[in-house]
Amino acid sequence: PLWYRSRGLYVLPTWRKKGLGELLLQRTIEEAMNKGCSHIWSYPNEDAISVYLNAGFTKESDFQKAEYGQNCYVLCKL
């Protein structure tokens with residue numbers, strides 16, 4: 001099975017809480033489906049986790065110290 005990765009999602013603070021992150025992730029899901037992928041994974045930080053959960057991802061690990069803060073693995077089954 002093919003897996004897709006969402007990486008580097010960033011929305012400027014003045015544009016947050018308007019659904020833009022979820023729209024970007026929905027477009028990522030569409031692209032992965034078009035490529036025949038079965039899953040999408042990502043490694044978001046604590047500030048972004050709710051965006052991924054709202055877009056249909058599930059949290060697959062505890063938060064851990066990473067290069068840019070506390071991150072965890074998330075997964076979306078297509």
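Helices here are DSSP runs of H or I of at least four residues, numbered from the N terminus. The model before you is predicted, so local features need pLDDT of at least 70 and side-chain atom pairs count only at pLDDT 80 or more, while totals for chains, interfaces and linings use all residues. Residues are numbered from 1 along each chain as its sequence is written, and side-chain values use heavy atoms, with hydrogens and water left out.

I begin with the largest pocket. A pocket is an open set of points on a 1 Å grid over the protein atoms alone, with protein on both sides within 12 Å along at least five of seven lines; lining residues have an atom within 4 Å of a point. The largest pocket holds about 850 Å³ of space, the volume being that filled by probe spheres set on the points. Its lining has 29 residues, and Leu9, Tyr10, Asn45, Ala48 and Tyr52 are the closest to its centre. Helices α1 (20–34) and α2 (49–54) each supply at least two lining residues, and the largest share, four residues, comes from α2.

I turn now to helix α1. Both leucine 20 and glycine 21 belong to this helix.

Note on methods. On a 1 Å grid over the protein atoms alone, a cavity is a set of points where a 1.4 Å probe fits but cannot get out, and a pocket is an open set with protein on both sides within 12 Å along at least five of seven lines; lining residues have an atom within 4 Å of a point.
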